[in-house]
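Take a look at the model first, then read on.

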Amino acid sequence: MDAIEKISQDIILNILSRLPLKSLMQCKCVSKRWYSLINDPILAELHLHRSKCDSINLVICQYRPSITVWEIQIYKLDNESHPQLSSSLKTNIEDISSVYSCEGLICISGSADIHICNPSTRELVTLPRSNSLKESFMHGFGYSPNTREYKVVQLMHNKLIDGCSRLLSKFEVLTLGTKSWRPIGNVPYVLHPEKKSITLNGIMYWLTYTKKRGFDSQEEIATFNVGDERFGAISGPPDCHAFESMSAISLGVLQGTLCLTCDHFGRRVINHKLEIWMLRDDNVCGWVKQYSIDTSLWKIHRPCNIFPLHHWKGKILLEDLFSGILWYDPGTNTFEENLRYIDCVFPCVCMESLMPLVNRQLLVMRLTNDG
């Protein structure tokens, strides 16, 4: 009897979940038995849970004008100062408007098609187009730990009346592994048309779109539960006046916590400040201003284009649309240039994962390394 058959399945999967993803991919070639073990969805979930701690990649979707398509570049964050380029994957994607990352997978949306990709396993699938929603306006991508399902949402606003009134919109959702979009009604909140959604712990978050309403107002953040597909809302920080001043605001995730970034650039502000508020508890009193960063230290002329990407080994990984990727060290209050790139770039942080792109109706493509 093979030694592996004498060990319980749970113990084997627990041991395998501690191996690097590269080693697991190599183990697939050992035998049919090993291939089946590595493809076990329980192993994928166990490995994903461990990857959140130490296996993080910086993924950059960059346009290649010479061949008029996009490539997916994967950088290892093993070295906190200079991420190393691990691979550059060829794609047949011609148009990208936004990129979302969630639980080891990335969602790449364009004007016509939406793609789901696992950069670690180099798999990519193009989702079917909606029959009723011919032109989507906003997207979201999330994973429900309760139902163990990935879902993509898209919506379209019919018209914008003004900043405070409701929009007429159509909202649809597709579960990864199925071939059709399902309508789930209209969005009960006015979502900001220029802000990306953020997903954390099975909840999607969007900034709402309003006019200035005075210093006593509390901006709502719309929520969508990926599991039960219900809408809700939470309030923004009560002491953050970014909504009343000339500020750029965005949502993100730092240290496993929802954060709201306020980038002040009003005329009366001499030293530009990047404030990062973190939601420590799910109520209005749970917001804490964790960081107040003087962006003039980096000589940034347009600070409204800085966004936090990740917290890694005591430093904050920032995206500057005009400079590239930066490190910020809160301890020394200093910046360090990381990666410089040209226009037409969409970066995100994605953990290593074995999560499969299972879909019997759609073709799963295997991406190859460029060069």
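Two strands count as paired if DSSP finds at least two bridges between them. Strands themselves are DSSP runs of E with at least two residues, numbered from the N terminus. This is a predicted model, where local features need pLDDT of at least 70, side-chain atom pairs count only at pLDDT 80 or more, and totals for chains, interfaces and linings use all residues. Residues are numbered from 1 along each chain as its sequence is written, and side-chain values use heavy atoms, with hydrogens and water left out.

Let's start with an open sheet of four strands, in the order 12-13-14-15, with antiparallel pairing. Strand 12 and strand 15 sit at the edges with a single partner strand each, so one side of each has no neighbour in the sheet. On average, neighbouring strands of this sheet are turned by 30 degrees against each other, direction ignored; the axes behind that angle are lines fitted to C-alpha atoms, and angles run from 0 to 180 degrees between N-to-C directions. As a reminder, strands of a sheet pair through backbone hydrogen bonds, either parallel or antiparallel.

Leu200 stands opposite Ile203 of strand 13.

**Two positive phi angles**

Between strand 12 (198-200) and strand 13 (203-207) there's a loop that holds Asn201. Asn201 isn't a glycine, yet its phi is positive, near 55 degrees. Is Asn201 buried or exposed? Asn201 counts as exposed, at 62% relative accessibility. For the cut-offs, buried means under 20% relative accessible area, exposed over 50%, and partly exposed in between (1.4 Å probe, protein chains only).

Glu229 also sits in a loop, this one between strand 14 (220-225) and strand 15 (231-235). Glu229 has a positive phi of about 60 degrees, again without being a glycine. With 18% relative accessibility, Glu229 counts as buried.

**Salt bridges**

How many salt bridges does the structure hold? There are eight, where a salt bridge is a side-chain nitrogen of Lys or Arg within 4 Å of a carboxyl oxygen of Asp or Glu.

| Pair | N to O distance |
|---|---|
| Arg129 and Asp113 | 2.8 Å |
| Lys151 and Glu149 | 3.9 Å |
| Lys289 and Glu275 | 3.7 Å |

Take the salt bridge of Arg129 with Asp113. Arg129 lies in the loop between strand 7 (123-126) and strand 8 (138-144), and Asp113 in the loop between strand 5 (105-109) and strand 6 (114-118), so this pair ties together parts that are 16 residues apart in sequence. Arg129 is exposed at 55% relative accessibility, while Asp113 is partly exposed at 25%.

In the pair of Lys151 and Glu149, Lys151 is buried with a relative accessible area of 3%, and Glu149 is partly exposed at 29%.

Then there's Lys289 with Glu275. Lys289 is in strand 19 (residues 287-294) and Glu275 in strand 18 (residues 273-279), so the pair ties together parts 14 residues apart in sequence. Lys289 is partly exposed, with a relative accessible area of 41%, and Glu275 is buried at 13%.
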